[in-house]
Amino acid sequence: MSDAHFAPPLFIQEKNEEDINLALTPWFCNTPNGPVWVAEPAPEIVRVEAAPDNPATAIGTPYVVADIVKVTPNPPWGTETQLGFSAAEVVFEPFWATPAIAAAFGATLIQPGQAIQISSPVSPLQYVEYDYGVFAGHWSPYQGTGNTLLTVSCTDLEHHDFPHVFASTDPLQPLVVSVGRYWPEQSIIRVADLWVKQGDALYIPPKPALPNQVCLDLHNNRNSALACWGNIQQNSITTHTLLQQNNGYFYWYWNALATVHSRPVMPG
């Protein structure tokens with residue numbers, strides 16, 4: 001009888017980490033040869049500003065937030081808010097990331113040949129190369145399931161005080177970042193998947209918890225490798241992320257219903 005076993009699925013693997021000093025290299029520069037951090041962009045690089053915030057912009061699949069099930073402080077890492085949705089499942093509408101689509105969720109698209117200046121109220125920050133597996137989203141930190149590989153992926157979105165950059169650097173596949181825009185006073189949330197073409201990057205500025213916010217822009221990248229589903233030759237992607245590795249405080253918003261993800265129509 002064969003003693004063969006399946007190889008364990010890859011969750012998330014950190015490959016390389018670089019400290020980023022924004023006082024010395026505040027520009028994220030997306031060159032045709034890949035992203036770099038520089039003191040000043042070269043003259044041929046187009047400098048872009050962060051997308052303006054318009055809380056009235058509403059795209060993505062809408063859901064009624066029927067109630068706030070529970071708010072759980074989880075020091076020193078953050079605060080968990082469980083949202084109750086009026087739904088049987090949660091469908092993340094897929095979009096190819098464009099400047100307008102990214103801006104609808106409080107993000108800025110940085111394309112090859114462009115650069116953006118980044119500041120942060122916290123430091124230090126790290127720029128980390130990761131491999132994300134296709135099953136990385138099939139884990140829940142909220143439901144007492146430990147490190148079990150789950151049959152469903154729940155809604156799991158966040159905001160925080162530090163900036164994020166998600167760079168689509170895999171040589172074969174795009175990067176996927178799940179996003180949401182939540183209007184607490186209206187009890188409405190809209191969710192979507194932003195498919196970031198190879199060579200592009202998303203910048204999400206610091207989003208601290210502030211009183212009386214009209215809307216909260218949320219994101220999560222654990223489903224980064226959605227593009228690999230159905231591809232038996234590739235079950236993970238490489239990506240680079242700017243984040244605060246240590247001592248970051250997060251505000252998590254989650255819902256236990258099964259989520260549905262699909263691929264957007266190919267851009268014309």
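Predicted model: local features only at pLDDT ≥ 70, side-chain atom pairs only at ≥ 80, totals over all residues.

Biologist: Over how many bridges do β12 and β19 pair?
Modeller: Strands (DSSP runs of E, at least two residues) and helices (runs of H or I, at least four) are numbered from the N terminus, and two strands pair if DSSP finds at least two bridges between them. Strand β19 covers residues 250–255 and runs antiparallel to β12. The number of bridges in this pairing is six.

Biologist: Is β12 largely enclosed by the rest of the structure or exposed?
Modeller: A residue is buried under 20% relative accessible area, exposed over 50% and partly exposed in between (1.4 Å probe, protein chains only). In β12, six of the six residues are buried, so the strand is largely enclosed by the rest of the structure.

Biologist: Which residues of β12 point the other way from T155, L157 and H159?
Modeller: In a regular strand the side chains alternate between the two faces of the sheet. In β12, T155, L157 and H159 point one way, and all the residues on either side are buried. Those pointing the other way are D156, E158 and H160.

Biologist: What distance separates the C-alpha atoms of A97 and W254?
Modeller: A97 belongs to the loop between β8 (93–96) and α1 (99–103), and its relative accessible area of 5% is why it counts as buried. Leaving aside neighbours within four places in sequence, A97 is in contact (heavy atoms within 4.5 Å) with L109, L194, W195 and V196. A97 and W254 are 157 residues apart along the chain, and their C-alpha atoms are separated by 23 Å.

Biologist: With which side chain does that of Q234 make a polar contact?
Modeller: Q234 sits in the loop between β17 (216–220) and β18 (236–243) and is buried because its relative accessible area is 11%. Residues up to four places away in sequence aside, Q234 touches D170, L172, Q173 and C228. A polar contact is a pair of N or O atoms within 3.5 Å; within protein, one must be able to donate a hydrogen and the other to accept it, and residues adjacent in sequence count only if both atoms are side-chain atoms. At 3.1 Å, the partner of the Q234 side chain is the side chain of D170.

Biologist: What is omega for the cis peptide bond that joins S123 and P124?
Modeller: Most residues other than glycine have a negative phi, and most peptide bonds are trans. P124 lies in the loop between β10 (114–117) and β11. For the cis bond from S123 to P124, omega is about -5°.

Biologist: What is the phi of N212?
Modeller: S187 is a non-glycine residue with a positive phi, near 55°; it lies in the loop between β14 (175–183) and β15 (188–196) and counts as partly exposed because its relative accessibility is 29%. N212 is placed in the loop between β16 (201–204) and β17, and its 79% relative accessibility is why it counts as exposed. Although N212 is not a glycine, its phi is positive, at about 60°.

Methods:
Residues numbered from 1 in each chain as written. Heavy atoms only, no water.
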